[in-house]
Amino acid sequence: MMNGEAAEVPPQDNPEKRNEYINRELSWVRFNRRVLDEAFDKSKPLLERVRFAAIFANNLDEFFMIRVSGLVRQLKNGVVSLPPDGMTPLEQLVAIRKAIASDAKRLLECWHGELQPELRENGIEILNFRQISEKQGHFLDRYFKNEIFPTLTPLAFDPGHPFPHISNLSLSFALALRDEKGHERFARLKIPESFPRLFQIPPESGSKDDGMGLRGSRTATFVWLEDIIEANLSALFPGMTIEGAVLFRVTRDTDFEIESDEAEDLLHSIRENVEKRRFGLAVRLQTERGVPKRIREILTRNLELDTFQVYSTEFPVGLSSLMQLYSLDRPELKYPPFTPGMRRETRDRHKIFDAVRERDILLYHPYDSFKPVVDFICESSRDPDVLAIKQTLYRVGANSPIVDALKDACSRGKQVAALVELKARFDEENNIGWARALESAGVHVVYGLPGLKTHAKICLVVRREKDGIRRYVHLGTGNYNAVTAGIYTDFGLFTANPDIGADASDLFNVLTGYSALKEYRKLLVAPHTLRREIISRIDREISRHAESGDGRLIFKLNAVSDKESIDALYRASRAGVEIDLQVRGICCLRPGVAGLSENIRVSSIVGRFLEHTRAFYFRNGGDGELYLGSADLMTRNLDRRVECLFPVESPEIRREIMDSILPAHLADNVQCRELGPDGAYAKLAPGDAPAVDSQRAMLELRCGLRE
């Protein structure tokens with residue numbers, strides 16, 4: 001383990017540049033940096049910038065809980081699993097710390113120097129105790145005494161009181177005390193999570209808040225909950241002198257693996273591990289700057305942390321709480337609302353089967369409404385000619401109309417099967433609840449294949465018609481979640497294609513039974529064929545380019561980190577194939593390197609909506625192929641998940657995507673950044689060319705939004 005913060009790696013050594021691959025973790029850090037850049041962008045509405053700042057902080061918490069914790073485990077256990085770039089766990093941790101320290105400083109500069117002053121100018125004040133009026137102080141004192149004080153539990157730690165457990169992401173005070181005899185004492189006081197961290201001061205207490213606040217006011221005044229508590233600490237320790245109170249926050253390892261082929265009860269095992277998440281290995285300690293050395297030593301020793309895992313920062317600690325401000329009813333400080341488009345053929349839900357039987361239908365969320373997807377499943381549940389519904393559920397959210405429709409279908413005597421992926425990270429508890437609710441309604445619920453996550457997005461409806469049994473299928477790149485469908489960009493396809501329908505039946509037989517099928521008619525399915533089929537098509541493009549000189553690949557996806565796939569793209573670049581990769585997040589491919597990747601352009605769009613689509617285009621000598629689906633080019637997607645890519649066979653839909661949607665995104669010069677060979681991203685600017693904001697263009701084209 002490290003004893004210092006970064007001294008064990010020579011400063012002149014940049015291990016990330018040792019070969020042609022970009023480190024996965026550092027690529028993610030740069031993605032999150034692009035999120036933070038949005039908080040600085042003054043062309044964005046103010047509360048949207050606050051939201052981006054909160055998203056950045058929340059993303060960073062999850063990064064430590066999942067990715068950094070894995071590196072720490074490797075370091076502690078002496079296990080060295082080198083990624084393609086060759087960086088050791090220690091080198092990665094050092095590089096991550098250096099990059100994140102810089103980003104954390106930028107976040108605080110953004111909050112203190114830009115966001116907070118601009119909020120104040122717009123009637124939204126976040127005060128500290130030195131700024132409150134006497135009347136406000138009296139109100140807060142009373143509120144503390146009557147509401148907050150009864151919930152607080154100071155915990156001493158000394159030989160008679162063991163060091164208390166600090167749960168994941170909880171905020172606490174570490175207190176240095178001295179008793180009447182002059183003995184030094186220490187205590188921990190947890191900030192209760194039952195109160196909003198930003199406490200709104202009502203107008204009757206003397207603020208200029210008009211009283212509407214989160215419910216519709218133009219002004220609102222807040223104070224940090226920890227400030228209220230710190231101002232009243234003496235009430236908790238009568239007879240003691242408080243010599244120091246330091247705010248701190250602990251991040252723990254929450255990445256657990258379930259050996260589902262060994263767990264007798266997968267649901268019970270996952271519930272147990274969700275509970276353990278609060279008490280995993282500590283991987284990060286955040287403290288206020290200037291923490292006394294004695295308190296720092298006590299915290300690091302008891303949390304079993306090394307100094308490189310301690311991050312000191314200016315107040316406030318843990319800015320993901322800023323998301324609370326987005327609840328303010330200030331529409332003029334947010335993106336203008338829009339009404340998603342409704343395609344003509346989906347407007348009458350009673351005729352959805354007629355429409356899909358006539359031709360395939362593409363939906364592009366959030367620009368196209370998610371309502372037709374809900375209507376499709378609801379109508380299937382009520383239609384007396386529907387015999388069976390089978391569906392995968394990964395992240396369905398709360399109050400899901402789709403789950404309600406599946407339960408209703410079961411009550412009407414239809415065969416209903418739902419694969420509920422219990423291992424969807426951070427949605428385990430929600431999915432456990434849905435699984436039990438579906439089982440109680442009589443739905444056949446399965447939890448997936450041993451050792452694999454089911455990430456494919458597919459719904460199969462079997463219907464009896466005059467000419468026989470017909471299968472209707474919805475396939476997508478995103479979850480069956482009406483909430484995220486409004487903020488993520490995703491494709492969804494309705495089809496009655498017989499081959500795709502037969503493939504869907506075969507895939508569900510694999511998921512729910514013991515079928516060992518690995519080859520499909522139309523679908524590309526991981527973990528068996530997807531990587532092989534993608535790479536074979538890349539190699540085919542190389543051959544076609546040698547024949548005609550017009551090789552072209554366009555991939556739009558969330559992440560690229562699989563070494564075999566990257567190597568295939570490098571081969572294509574060396575052969576002269578023109579390649580565009582639009583990758584929202586992690587990209588381990590290094591573009592623009594002479595003799596390796598000079599024909600590869602990598603771009604990334606971070607904007608109002610989270611870019612979530614996955615599209616793979618192969619020019620194929622003019623006989624182009626276009627696939628959409630759930631998979632990214634990541635080893636986990638290709639080897640450890642059930643994923644599905646589906647072909648776009650309708651010429652009209654293929655033209656819609658290739659002539660309108662993808663070109664707009666590739667031409668974006670407002671929200672787009674381009675990846676250079678050094679691993680850094682450069683923001684594009686229109687210059688003398690027309691400005692192209694792809695998300696705005698889609699809002700105008702598909703929703704008719706104009707400002």
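Predicted model: local features only at pLDDT ≥ 70, side-chain atom pairs only at ≥ 80, totals over all residues.

Me: What makes Leu169 "partly exposed"?

Reply: The relative accessibility of Leu169 is 26%. Buried means under 20% and exposed means over 50%, so Leu169 with its 26% counts as partly exposed.

Me: What makes the phi of Leu169 worth a remark?

Reply: Most residues other than glycine have a negative phi. Leu169 is not a glycine, yet its phi is positive, about 65 degrees.

Me: Which value of phi does Glu304 have, and where does Glu304 lie?

Reply: Phi of Glu304 is near 55 degrees, again a positive value in a residue other than glycine. Glu304 lies in the loop between helix H7 (293-302) and S9, just after H7.

Me: Why is Glu304 called exposed?

Reply: Let us set the value against the cut-off. Exposed means over 50% relative accessible area, and Glu304 has 55% relative accessibility, so Glu304 counts as exposed.

Me: Which residues of H7 are buried, and what do they pack against?

Reply: The buried ones are Ile295, Ile298, Leu299 and Thr300. They pack against S3, strand S4 (184-190), strand S7 (241-252), strand S8 (282-288) and S9.

Me: Why is Ala504 called buried?

Reply: Ala504 is found in helix H12 (residues 498-512). Its relative accessible area is 0%, and buried means under 20%, so Ala504 is buried.

Me: What does Ala504 touch, not counting residues up to four places away in sequence?

Reply: Ala504 touches Ile458, Leu460, Val473 and Leu523. Take Val473 as an example: Ala504 and Val473 are 31 residues apart along the chain, while their C-alpha atoms are separated by 7.5 Å.

Me: How do you know which residues Asp227 is in contact with?

Reply: Contact means heavy atoms within 4.5 Å. Leaving aside its neighbours within four places in sequence, Asp227 is in contact with Leu127, Asn128, Phe129 and Phe315.

Me: What joins Phe315 and Pro316?

Reply: A cis peptide bond, with omega about 0 degrees. Most peptide bonds are trans. Pro316 is found in the loop between strand S9 (310-313) and helix H8 (352-358). A cis peptide bond also joins Ala526 and Pro527, where omega is about 10 degrees. Pro527 lies in the loop between strand S18 (524-526) and H13.

Me: How do you know that the span of helix H13 is close to what is expected?

Reply: Helix H13 (residues 530-548) has 19 residues, and 1.5 Å a residue gives an expected 27 Å. From its first C-alpha to its last, H13 reaches 27 Å, close to that expected span. H13 is followed by Gly549, whose phi is positive, near 75 degrees.

Me: Which residues in H13 are buried?

Reply: Among them are Leu530, Ile534, Ile538 and Ile542. Not counting residues up to four places away in sequence, Ile542 touches Arg571, Ala572, Ala575 and Val577.

Me: How do you know that the radius of gyration of the chain agrees with a compact globule?

Reply: With 707 residues, a compact globule would have a radius of gyration near 27 Å. The chain has 27 Å, so the value agrees. Of the 707 residues, 58% count as buried.

Me: How many helices and strands does the chain have?

Reply: The secondary structure comes to 17 helices and 27 strands.

How values were computed: Residues numbered from 1 in each chain as written. Heavy atoms only, no water. Helix = DSSP H or I, 4+ residues; strand = E, 2+ residues; numbered from the N terminus. Expected span 1.5 Å × (residues − 1). Buried < 20%, exposed > 50% of the residue type's maximum accessible area, 1.4 Å probe, protein only. Rg over C-alpha atoms; globule rule 2.2 N^0.38 Å.
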